[in-house]
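Please keep the viewer at hand as you read.

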Amino acid sequence: MAIEPLVKHLFTADPSAHVFEGKLFVYPSHDRKTDIKDNDNGDQYDMIDYHVFSMESVGGPVTDHGVALKAENIPWASKQLWAPDAAFKNGKYYLYFPARDKDGVFRIGVAESDAPQGPFEPESEPIAGSYSIDPASFVDDDGQAYLYFGGIWGGQLQCWTTGKFDGSAYTNMEATGSVPALLPRVAMLSEDMRSFTSDITELAINGADGLLLPADDHDHRFFEAAWMHKYKGKYYFSYSTGDTHFLVYATGDSPLGPFTYQGKILDPVEGWTTHHSIVEFKGKWYLFYHDTSLSGENHLRCVKVREILLIPKADRKKIHEYLF
Ligand code: FUB
């Protein structure tokens with residue numbers, strides 16, 4: 001049976017789902033029509049604001065809470081509000097979002113609100129030291145918050161291999177061969193959720209042999225769309241493989257890694273990008289993701305949701321999706 005988009009009145013993508021105040025909130029990108037042609041740089045994803053959505057039950061009515069943050073109100077941003085995420089700590093809600101700064105470099109910003117639906121008030125500068133795209137926040141059981149981020153090609157992660165932005169490596173360049181693939185980044189967040197209190201480190205993703213996944217292993221290596229969740233005491237880091245269009249996951253014993261690649265969550269969907277979140281709500285686990293079934297165009301996507309089936313290990317090969 002075809003799965004219906006969560007909403008049809010807007011184009012939405014990159015859904016980050018969280019349970020706040022007993023409801024399921026979704027923080028997606030808000031895709032919009034432009035005349036920009038598709039390219040590997042992702043210029044066609046030219047978004048200018050965020051809407052927040054909520055629901056009391058999966059499959060029930062979805063409330064669009066309207067515009068929660070606009071590019072024109074973010075002092076440091078020039079364009080491209082890409083995949084956001086939200087967090088709750090100390091009675092406040094935080095929206096993390098990537099955008100290009102005035103020099104065209106992707107940075108990560110934070111905005112605060114008293115309510116999960118916003119509106120969110122942005123800081124005047126991006127998070128100091130932040131770079132690249134696709135922030136995913138994770139607050140562990142001990143209250144320590146982490147921010148995962150990074151994305152290659154248009155997400156510019158490959159421009160930061162020396163620790164400084166190198167625009168000459170800008171277009172479509174990633175390591176090749178048997179050298180280790182570029183890795184997602186992680187940093188610990190301060191108590192007020194507005195800055196990093198640790199160095200930014202690489203999040204190691206190893207294969208079954210215990211070695212870092214090689215750059216040429218495009219079916220498994222990290223591309224973008226970081227997400228972290230915890231299940232039965234284990235950390236699950238999931239992400240998109242980008243040009244091979246899989247959602248995959250790796251597990252570890254610490255939020256700072258190392259992680260070991262485990263398998264696929266979702267086969268390629270309609271459209272070039274694939275990006276998701278995983279959340280437990282009312283005793284069931286859900287995968288939020290997007291495809292392009294509403295428009296047929298790469299940059300006009302629609303968020304969907306499916307329940308995750310908790311399949312016993314022995315049966316996993318028979319049913320090849322949504323496994324833990
Ligand atoms: O929505 C723009 C970009 O497309 C996101 O940041 C990526 O994860 C991909 O979905």
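Predicted model: local features only at pLDDT ≥ 70, side-chain atom pairs only at ≥ 80, totals over all residues.

## Around the ligand

Residues are numbered from 1 along each chain as its sequence is written, and side-chain values use heavy atoms, with hydrogens and water left out.

## Polar contacts and cover

Which distances separate the polar side-chain atoms from ligand oxygen atoms? For Asp14, an N or O atom of the side chain is 2.5 Å from a ligand oxygen. Asp134 also places a polar side-chain atom 2.5 Å from an oxygen of the ligand, and for Arg301 the value is 2.7 Å. A polar contact here is a pair of N or O atoms within 3.5 Å.

Taken alone, the ligand exposes 280 Å², and the protein buries 99% of that (Shrake-Rupley method, 1.4 Å probe).

## The sheet

Now to the strands. Four of them form an open sheet, ordered E1-E2-E3-E4, with antiparallel pairing; two strands pair if DSSP finds at least two bridges between them, and a strand is a DSSP run (E) of at least two residues. At the edges, pairing on one side only, are E1 (11-20) and E4 (62-70).

Strand E3 (residues 49-55) is joined to E4 by six bridges, and Phe53 stands opposite Asp64 in E4.

Conventions. Polar contact = N/O pair within 3.5 Å; in protein donor to acceptor, adjacent residues only side chain to side chain. Helix = DSSP H or I, 4+ residues; strand = E, 2+ residues; numbered from the N terminus.
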